[in-house]
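Subject: Structure for you to look at

Hello,

Here is the structure I promised. Please open it beside this email and follow along.

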Amino acid sequence: MYQTLMFSIITMLLLSACNTKEPIPMDLNEKHLIPKPSKVEATGSSFEITAATTIFYEEGKDDVKGMAQFLADFLQPATGMALAVEATATKPAGGIYLHFSALEGTNETYTLELNENLIDISASGEAGLFYAIQTLRQLLPASIEATSKQDTMWLLPSGKIEDSPNYTYRGAMLDVSRHFFQVQDVKKFIDYISMYKMNKLHLHLSDDQGWRIEIKSWPKLTAIGGSTEVGGGEGGFYTQEEYKDIVAYAKKRQITIIPEIDMPGHTNAALAAYPELNCDNKARELYTGTKVGFSTFCTDKEVVYEFIDDVIRELAAMTTGEYIHIGGDESHVTPLEDYIPFINRVQKIVEKYGKKVIGWDEIAHAELLPNTLVQWWAKADNAKKGIAQGAKVLVSPATKVYLDMQYDSTTHLGLHWAAYIEVDSAYIWNPATMVDGIKRDDIIGVESPLWSETITNLDEIEYMMFPRIIGHAEIGWTEASQQNWEDYRLRLAHQKERMEILGIDFYKSPLVDWD
Ligand code: TNX
């Protein structure tokens, strides 16, 4: 009797020791991360997040504390655990530890070291900590994305990840002019792109069909110019308060908002609101179709520049980033001899308000100010003209990154004037070798625009962006030499469950083995 009792006690002790102490083997290399990190070293064991796990942050560093709290908030819904967030002056023995350290690279560089007791997250800046958290997110079961408590073990494989982005500018663009999208949809878009370590959101705030940002000194821009959209719907606009809220929400996720006011073409909405911006002083009719290239500001009227000065002044005051986008594309009815001095003058207005200029590749016809970026979407020759003037290029070739391009001829949304872009085509290209004369050093980064002539709601946004945008994120982040389609398509398949749990309506390309 005594022996049997002792035996069962010992067995129970051993078993419970196994349960709590013996770590479960896991392989970090099987985690299928996107974007692929610079360096991954697996050590074969695992870390488990439990209710007892504390998230420590480096004492006295508010930025680090903010990220620690962000992580705790992220983990809460699916784990059902409100993890403690605590300051520490020294490296703790166990838990999750976020801190700054001087890493070689930029403030986006991070290292993530996981062993059985500790997850050590270090970066030289807040952005790096945020990206480490996004990686950690992909190391957890996909059910971490759920909005309610899940019954699972929150295990992460052990090892070390050292990671740093290839390009400093990794962005997406949302056209809120052709169809207007509510603040909550823009925030979702921000959530999605920040998951894959993108850091810029370019908002196309004005076009022929709608003016979408409140400008207090020219109120009819939104009252009239914001009152409709493609197809004749009710349109809409962001008040300055709403816009600032978007900027702040994005900033928390390490995303800079780049506002675009497209000019001198793509301006019908403004021309409908204020007759004096037209050469004939006659207000234009509001436009709800999808043609391009028919409108222009009257480039030799002084009131046009007073107007632009006011708009840029108000916009710059709400812009935390360094860039304002001035459009400049498809000004088919602005003679080149008017277009060039116009772009020259508008650049100076942007500079006066302390911001740098981005413009679509046509602006390279003008005299570019130092620091102006040329966004190459159509003509490589324009991009090269910019490079010849010392400008850097933002790479957005319509044939590769335009998210409004259809996947194939059966896609029910989108356009196909540039190409059909299947998931492989969106991934298999290199910005730095696409054409002769545009080299790695000329390029600041990559941006994927989603034009919204045919896109009317968040579901449709998701369907056109996913999964192509994930590939674009990898092109921006990962060294070109580490990119490989066969390897990528396997990793992409593993994003399926995560996208499903997030409620993302994505295109199930036949080129990917989703099951
Ligand atoms: C071209 S891209 C445009 C946009 C359209 C888009 C549709 C660019 C600078 N201009 O005005 O929305 O094609 O794909």
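First, a term: a strand here is a DSSP run of E with at least two residues, and strands are numbered from the N terminus. T43 is in one of them, strand β1, which covers residues 39–49. Please keep in mind that this is a predicted model.

Is T43 buried or exposed? T43 has 54% relative accessibility. Exposed means over 50%, so T43 counts as exposed. Beyond its neighbours within four places in sequence, T43 touches L114, S158 and G159. Its side chain comes to 3.2 Å from the backbone nitrogen of G159. T288 is elsewhere: 245 residues from T43 in sequence, and 58 Å from it in space, C-alpha to C-alpha.

Now the barrel. Eight strands close up in the order β8-β9-β12-β13-β14-β15-β16-β17, with parallel pairing. On average, neighbouring strands are turned by 30° against each other, ignoring direction. Look at β14 (residues 356–360) and β15 (residues 373–376): 3 bridges join them. Helix α10 (residues 380–388) lies across β15 and β16, at about 165° to β15.

Last, helix α13, residues 458–465. Why is α13 largely enclosed by the rest of the structure? Because 7 of its 8 residues are buried. Among them are L458, Y463 and M465. The cover includes β8, α4, β17 and α14. At the N-terminal end, N457 caps α13: a side-chain oxygen lies 3.2 Å from the backbone nitrogen of D459.

Best wishes

Technical notes
Residues numbered from 1 in each chain as written. Predicted model: local features only at pLDDT ≥ 70, side-chain atom pairs only at ≥ 80, totals over all residues. Heavy atoms only, no water. Buried < 20%, exposed > 50% of the residue type's maximum accessible area, 1.4 Å probe, protein only. Helix = DSSP H or I, 4+ residues; strand = E, 2+ residues; numbered from the N terminus. Contact = heavy atoms within 4.5 Å. Polar contact = N/O pair within 3.5 Å; in protein donor to acceptor, adjacent residues only side chain to side chain. Pairing = 2+ DSSP bridges. Axes fitted to C-alpha atoms, helices over the stretch in contact; angles between N-to-C directions.
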